[in-house]
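Could you walk me through this model in my viewer, one selection at a time? I would like to look at ring contacts and then follow a helix.

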Amino acid sequence: MKLKVDAFLLVGLIFLTLVVLYFLITTPEVSYYQTLHSEFNGLMISGRTANDHSSYSFIFCFGMIWVYLGSLLLSTRHLIKQKRKNIQIVMTCFCLVYLCLLGLLIFSKDLNLQSFYFGFPRSTAVMLYLIGFSPLSLSYIYIRYFETLIITEASFKSFQNFIKSQDK
Amino acid sequence: MEAFRNPIILGFVAAYMLLTVLVGIWALRKTKSTQDFFMAGRDLGIMVTGFAVFSSLLSGFGFVGGPALVYKMGMSSVWMFVCVIMGFNLSFFLLAKRLRLFAEIGNPISLPDVVRLRYDNAFTQGLMALAIILGVLGYLATQILAMSIVLQEILNASSFIEYISIGYCMLISCSILVFYSITGGIVASVYTDLVQGAIMIFGAILIFFSVLNLFEGGFQEISQIIGQDDAGAIGPWGTLGTMGSLSWLFVFMMGGAGQPHVITKMMMYKNISDAKYILPTSIIGYFFSALLWLSIGLAMRALVISGMHSELSNADMAASVYLQYYTNPILAGLVFAGLFAAIMSTADAFLNIGTAAIMHDLPNAIGIKIKNDLFWARVVTFILTVIAALFARYSGDLVAILGAFGWGTFAAAIVPVVVIGFNWKRATPLAANVCIITSLLINFSVKILDIKVPYAIDIGAISLITSMLLFVSISLLSKKPFINKNVEAAMDL
């Protein structure tokens, strides 16, 4: 079945809008606390999100990645069926992995200050190194399969010639 | 060498400014038409475009505001650059080819020009130009103000000047900015971006190693110091909380593709296949430059908490204090030059798109054709700089409001209309117009009325979701739009 990208994006947007509306309507004080640090000119802020807020955060993340994927899939509309299917599967898998990594952070409760990875606590290291660099896999696909997925120099030249012939 | 710290810093900054002036003079010979002035003759290479893309994106905010945010709230603001590869992927998959193809049709010289081409609607072009002008005014004024404050700090710290006012510093920095922007237009802008980008990368890498050696245990010791004071600050969400950090992730991941001063550069490169090399160049450049953001912010927070440095009176001073007290004078000089580079590279890009919007897009939208346009482009560049400088000097809080308003407004107005609309034939002009107006209304009213959003959710995220939803749903509900044959060919390729 052909995936209707615009419908997929629209449903994602409706979902995300409803999630945000729910957040705005419910009372925020129960799950989020922010105070000014008592020292250092009051410039540093202290704050924390209560653990029972994790599932809300994950739902927001889910909607957010859905919208990102829906937008990204629009770039595949010009491809022939088989190529389109392949790259859409890759993009979807990437977004699911990214969502899992975000979920891992959201649901990991303890911040262990005893074990450090490359200078940072474990969950911060996951954020910096895994979440930060995992999108390089998509960049690699863009570079490696540019001629197959994006455009060839020859088709660009023929497009230029087409435009010139229209202008005459 | 320590005795000559301020002359060395001043020497680096002066050398950098001289270099930009020389680039401006060189670019003057290459700028013969408005196409050259605004589009660099669509003849740019990989390195120049790649560096121009990342250095325009990483403004003075990245070098001054970024460390300040880390100092204030720990790791929260790191989400703004952790998502940058996601943002670059979205921009390149959806826009790099499409904008370059549109640039072949009818020789457009600005983003609103291409928007008009796509939607075949003058009103949409006018609205897009208006959104750009409002955003540019705030952003440009903020950059000019930041440039002047840093210059004033450097000059007042030197022994041979007793006191220099902010007004004179504004005059000096704006004169240099306006000189190379007027003489060489976008050609000078992108080639200075190349120099500026190189300085930013080099300076940021050196700063990273300087922070690594500041404490015996490197970043682990810094993390321990910060964590013992407030564990949340060194955790992945910082002290802003999960929802606040996630909303930043969303706005910066999606909104990067909606920054006009950045994506306009995607219409300027020469060969279409260069896009695949421009992407990694931009990512690498941005990644190294962003090291400064994280390193200085964490270092200053750890220094203050451990009592090794006195409390800062203003978080925005984190970067300049670190450079003054914890780096050797040559590195400080280099990074101060890098700081000017970061500010100027963004300011000149805004100046260019703002000039195009005033001089070309708004008159075009109401049917006025300007003659002798290269001359008027230079005049408008000058006038826009003067207005932005006066605005920065005398408008008080309005600069901060418009400066903060920029990113979210551009994201909400441009992501649906350009990123989605240029890849989706069903998108209609009515949806585009509603989307731009909505983005302006939401962002302006929230900033002016100072409305606080629960859970520390960024207002940019709310306006982006709203405008995207309106754009897609109105497009689907309205009549199928007419699309010009050439535009359709570009969208099918």
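Predicted model: local features only at pLDDT ≥ 70, side-chain atom pairs only at ≥ 80, totals over all residues.

**Stop 1: ring pairs**

A search of the whole structure turns up 33 aromatic pairs over all chains. Start by selecting Phe58(A) and Phe107(A): their ring centres are 5.6 Å apart with 50° between the planes, which makes a tilted pair. Colour by secondary structure and you will see that the pair links distant parts of the chain, with Phe58(A) in helix H2 (residues 54-73) of chain A and Phe107(A) in helix H3 (residues 81-107) of chain A, 49 residues apart. Phe58(A) is partly exposed, at 25% relative accessibility, and Phe107(A) is also partly exposed, at 39%.

Now move to chain B and select Phe208(B) and Phe219(B). Here the centres lie 5.5 Å apart and the planes meet at 25°, so this pair is stacked; the cut-off for that label is under 30 degrees. Phe208(B) belongs to helix H9 (residues 166-212) of chain B and Phe219(B) to helix H10 (residues 218-229) of chain B, 11 residues apart.

**Stop 2**

**Stop 3: charges over rings**

Which arginines lie over a tyrosine face? Select Arg100(B) with Tyr269(B): Arg100(B) lies over the ring face, at 6.0 Å from its centre. Then try Arg118(B) with Tyr119(B), where Arg118(B) lies over the face at 4.6 Å from the ring centre.

**Stop 4: along helix H4(B)**

Select residues 60-73 of chain B, which make up helix H4. This helix has 14 residues and reaches 19 Å from its first C-alpha to its last, close to the 20 Å expected at 1.5 Å a residue. Zoom in on Gly66(B), where H4(B) bends by about 30°; a proline, Pro67(B), follows within four residues.

Of the 14 residues of H4(B), 12 are buried, so the helix is largely enclosed by the rest of the structure. Among the buried residues are Phe63(B), Val64(B), Leu69(B), Tyr71(B) and Met73(B), along with Gly66(B) and Pro67(B).

Methods: Residues numbered from 1 in each chain as written. Chains lettered and ligands numbered in written order. Heavy atoms only, no water. Phe/Tyr/Trp six-rings, centres within 6.5 Å; stacked < 30°, edge-to-face > 60°. Helix = DSSP H or I, 4+ residues; strand = E, 2+ residues; numbered from the N terminus. Buried < 20%, exposed > 50% of the residue type's maximum accessible area, 1.4 Å probe, protein only. Lys NZ or Arg CZ within 6 Å of the ring centre and 35° of its normal. Expected span 1.5 Å × (residues − 1). Bend = angle between axes of the 7 residues up to and from the residue.
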